[in-house]
Number of protein chains: 2
Amino acid sequence: MAISKEAYLAARDRAVSTFERAGIAITEAEKDNIEVADFGLGRLDEIGVELVIYVNTDRVCAKEVILFPHQICPEHRHPIQAAIEGKEETFRCRWGTVYLYTSGPATANPQGIVPEDRKPYFTVWHEIVLQPGDQYTVDPDRLHWFQAGPEGAVLSEFSTPSTDEVDIFSDPEVQRIPEVY
Amino acid sequence: MAISKEAYLAARDRAVSTFERAGIAITEAEKDNIEVADFGLGRLDEIGVELVIYVNTDRVCAKEVILFPHQICPEHRHPIQAAIEGKEETFRCRWGTVYLYTSGPATANPQGIVPEDRKPYFTVWHEIVLQPGDQYTVDPDRLHWFQAGPEGAVLSEFSTPSTDEVDIFSDPEVQRIPEVY
């Protein structure tokens with residue numbers, strides 16, 4: 001499942017507007033290169049993220065993550081590789097509200113809502129609510145997923161280098177690297 | 001040379017106001033723990049930085065750096081340690097203007113102004129001007145210093161782990177770890 005050029009451009013423009021509402025400066029080149037990931041599921045409004053990668057060397061990575069209202073980043077983990085520890089991620093909410101879920105005691109009445117047909121692929125329900133200024137660090141190899149609240153959200157991600165190509169998603173239909181057609 | 005409690009609290013309050021002007025959310029706990037570094041020179045308005053450290057593990061570090069108007073972070077480098085490569089730093093301007101200097105051809109009419117008596121300790125004058133959204137990565141072991149423009153500035157620093165205790169400053173009187181009396 002690939003994303004159409006029109007859908008890509010619409011999501012990109014919406015992400016640019018979200019940055020403006022959040023008061024976060026990005027360059028014209030960064031605006032032109034916003035990454036739109038629909039995880040190959042073809043339902044970007046429900047499951048997807050929009051990314052600006054500020055830096056990604058062999059030592060360190062920093063990104064800004066945009067989530068549209070109620071948009072979900074699906075459940076996954078960053079496995080420990082042969083000689084490399086798994087990716088360590090800190091999410092810091094800059095704007096809006098983020099519901100972050102990871103392993104631990106399931107929260108009784110979680111605020112996240114996932115599509116009925118994908119529910120089997122969301123297995124961790126320990127809820128952490130992030131408001132602007134709040135942050136949480138996800139250890140290597142630990143399952144997690146997150147969803148925006150009703151306004152959408154902007155998250156900063158500070159991490160060891162990005163390993164998108166080896167991330168393990170709970171949903172077998174997820175394709176992390178988007179195709180645009 | 002230590003910083004007085006009054007000077008520390010005044011700088012902290014000023015840093016909090018700068019975060020508010022920049023529209024960057026920090027928590028009450030972070031406000032209470034803002035680090036004020038006068039580099040042991042006792043002239044914070046001219047030479048100093050204010051820091052909020054978001055994350056600093058053995059793998060990755062992220063900070064927000066506040067500079068008051070014309071405030072200078074003095075020239076230094078992050079040396080390569082025995083088994084560890086030197087710190088790699090990316091500075092991203094969030095608000096205000098930053099004049100960053102590093103090795104390379106000296107800029108003819110640089111906008112940075114340093115105190116006359118410290119001039120011998122500013123040896124690199126290749127100027128990079130950072131406006132909100134602009135960023136620059138300083139390689140390990142490379143000399144650099146930076147100064148805020150007339151409004152002050154907020155910088156995000158994304159890097160490998162902080163090595164403040166081994167950083168090498170060009171000014172022999174600099175003490176990186178502040179004392180508060």
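Which residues does A:Phe19 touch, not counting residues up to four places away in sequence? They are A:Ile24, A:Ile26, A:Ile34, A:Val52, A:Tyr54, A:Glu64 and A:Ile66. Contact here means heavy atoms within 4.5 Å.

This is a predicted model: local features need pLDDT of at least 70, side-chain atom pairs count only at pLDDT 80 or more, and totals for chains, interfaces and linings use all residues. Residues are numbered from 1 along each chain as its sequence is written, chains are lettered from A and ligands numbered from 1 in the order in which they are written, and side-chain values use heavy atoms, with hydrogens and water left out.

A:Phe19 belongs to the largest nonpolar core, which has 42 residues. Such a core is a set of buried Ala, Val, Leu, Ile, Met, Phe, Trp, Tyr and Cys residues joined through side-chain atoms within 4.5 Å. Buried means under 20% relative accessible area, exposed over 50%, partly exposed in between (1.4 Å probe, protein chains only). Among the residues with the most contacts inside this core are A:Ile34, A:Tyr54, B:Phe19 and B:Val154. Helix H1 (5-22) and strands S2 (49-56), S3 (61-67) and S8 (144-159) of chain A each supply at least two residues, and so do helix H1 (5-22) and strands S2 (49-56), S3 (61-67) and S8 (144-159) of chain B. Helices (H or I, at least four residues) and strands (E, at least two) are DSSP runs, numbered from the N terminus.

Now the two chains. A rotation of 180° with 0.0 Å of shift along its axis superposes chain B on chain A, with an RMSD of 0.0 Å. That is the relation of a two-fold axis. The same surface serves both copies: 100% of the contact residues of chain B recur in chain A.

Next, A:Glu30. It is found in helix H2 (residues 28-32) of chain A. At 15% relative accessibility, A:Glu30 counts as buried. Neighbours within four places in sequence aside, A:Glu30 is in contact with A:Val52, A:Tyr54, B:Arg92, B:Gly133 and B:Gln135.

A:Pro140 sits in the loop between strand S7 (135-138) and S8 of chain A. Not counting residues up to four places away in sequence, A:Pro140 touches A:His78, A:Glu85, A:Gly86, A:Lys87, A:Glu88 and B:Arg59.

Last, the cysteines. The structure holds zero disulfides over all chains; a disulfide is a pair of cysteine sulfur atoms within 2.5 Å. For A:Cys61, the nearest cysteine sulfur is that of A:Cys73, 13 Å away. A:Cys61 is buried at 1% relative accessibility.

Key: Copies are superposed by least squares on the C-alpha atoms of residues with pLDDT of at least 70 in both.
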